[in-house]
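Biologist: I'd like to learn how to read a helix in context. Could you take me through one, step by step?

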Amino acid sequence: MKLLLLLLAASAAADRVLVLVDNMSIRESHSIFFKSITDRGHSITFKNADEGSLQLIKFGELQYENLILFAPSADEFGGTITAAEIARFVDQGGNVLLAGAGSNVGAAVRDVAADNGFEFADQLIDHVNYDSVLDDGTHTTVVASAKSQLMEAPLIVGDRSKLGPILYSGGALVAAPNNRLRLDVFKASSTAYSHDPTKPIKDYPSAVGRQAVLVSAVQARNNARLVLTASLHLFSNQFLSATVNKEGTKPSPSGNKAFVDSLAKWVLKETGVLRVKSVDHHKVGEKEPPREYTIMEDVDYKLEVEELKGNKWVPFDGKDVQLEFVRIDPFVRTTLKNKNGVLSARFKLPDVYGVYKFLVDYRRVGYTHLLDVQQVSVRPLWHTQYERFIRSAFPYYASSFSMMASLVVFSFVFLYHKSDPVVAQAKKTN
Amino acid sequence: FSSEMQLVQVLQKLFDDYVKTTSSKLKIIDAYMFYILLTGIVQFVYCVLVGTFPFNAFLAGFISTVASFILASCLRMQVNEENKDEFNGISPERAFADFLFAHAVLHLVVVNFLG
């Protein structure tokens, strides 16, 4: 029994990663990055991008949980993999990490990026922020400041204030304006632009300044995650272990290692994953939910949420989870009190009967979408649950019964009175 | 004489004649009707002040007084000796029996509607 539990716990991160490369030397030149992934329990399969036996989905089941595309020049993927197949892979919950390049981006890679609302622009050039040692003179090895160019999303990028300068050498992504699910994780600085460094500039560059996105993240509505970037060098051993030398600043170690580690942890679904452990609701004072609730009753609601941290499910500590009691529109909206992962609320049901939902719909940047719906009926009062006698109607009750009593009294008096002899009517005289 | 004095005198004469010429049987019915009238007015004023909340209760109480008043006036008409020729074939005993029967029905309905 214990062994089974251990196996189950270990399998939380024992998922398979398929890495497609366009030449096998990437396996060595990016070994530190790949080793960090395998150290965390994933199993990596390296394949050439155009290998004929590639298959992501076999008989409707995913063959891998994650896909890393480090093949920027691939024009066609081998086997059954196409951009459509990768879209199906994401639809079934697979995560994708895609790295492009500044130049010579293959059609297959462009297609995948286009499916997610991104286009590749030319090589990124920054004449102000470049590494004076690593750059080859074209100012394409760009130094980015973590604080000003990274998004405020600790789950995706880690602690911005602790990251050193990040080295980047590659192209840029341009996002379609209607791409609503995207997160611009890492933007270029305002002095950067993207263009072919060997050609003189005649046209306006395709991506300029902060519009050029260096790393972008997308969390699909089924919580599958994609991270797209236009630089393979971002993950290379050279950049991960380099010291950044920028004119005017002291040499300092690059922040690439911490940055790509956070990115990898986010995209491989190791951080920012929430799940509902249990949910229940009942009348205050009882333990089980009734068949249906009655209007104006006091109700207790309890939700237990767990977060995946370091391969273990720990109680979630979010303080801003809201509960809505909805019948088409929310009648009650309250923030749940968090006590060590147990979120609870107590409120009074509205005075309106109907079919309601206890709805928790928690969307935060970097976290998976947490949705829990419990449908309940709320009935009106039975006719025996109303007050029997209404205080304000007492005068009417009194008058009705007094009519009956006075009838009895009148009947007795009328029947048994002794009538006096009638006084002879005096003739009317004028 | 001024007009107010005349009005007062007329009313006084009316009241004296009433006392002298109506039989005690009819006076009993009149007293009963006066009581019903009072309770009806009190209820109506209460409803105007407080509002119609249990409207069914107000209607039951008010209709109870109004209908009792009507039945009492019918009884008064039928037992008045001066109207003997009008109600040929309806003895005062019959009138009283009809009165009681109608009241039984009235009070059943009122209690039902009172809620």
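This is a predicted model: local features need pLDDT of at least 70, side-chain atom pairs count only at pLDDT 80 or more; totals for chains, interfaces and linings use all residues.

Biologist: How do I compare the span of helix H4 of chain B with what it should be?

Modeller: Count 1.5 Å a residue, using one less than the number of residues. Helix H4 covers residues 92-114 of chain B, so its 23 residues should span 33 Å, and the 32 Å between its end C-alpha atoms agrees with that. Just after H4(B) comes B:Gly115, with a positive phi of about 85°.

Biologist: Now the whole chain, please. How many helices and strands are there in chain B?

Modeller: Chain B has four helices and zero strands, giving the pattern α-α-α-α along the sequence.

Biologist: And what does the radius of gyration of chain B say beside that of a compact globule?

Modeller: The rule for a compact globule of 115 residues gives a value near 13 Å, whereas chain B has 18 Å. Its C-alpha atoms fill a box of roughly 50 × 45 × 20 Å along the principal axes. As for burial, 31% of the 115 residues in chain B are buried.

Note on methods. Residues are numbered from 1 along each chain as its sequence is written. Chains are lettered from A and ligands numbered from 1 in the order in which they are written. Side-chain values use heavy atoms; hydrogens and water are left out. Helices (H or I, at least four residues) and strands (E, at least two) are DSSP runs, numbered from the N terminus. The radius of gyration is taken over C-alpha atoms; the globule rule is 2.2 Å times the number of residues to the power 0.38. Buried means under 20% relative accessible area, exposed over 50%, partly exposed in between (1.4 Å probe, protein chains only).
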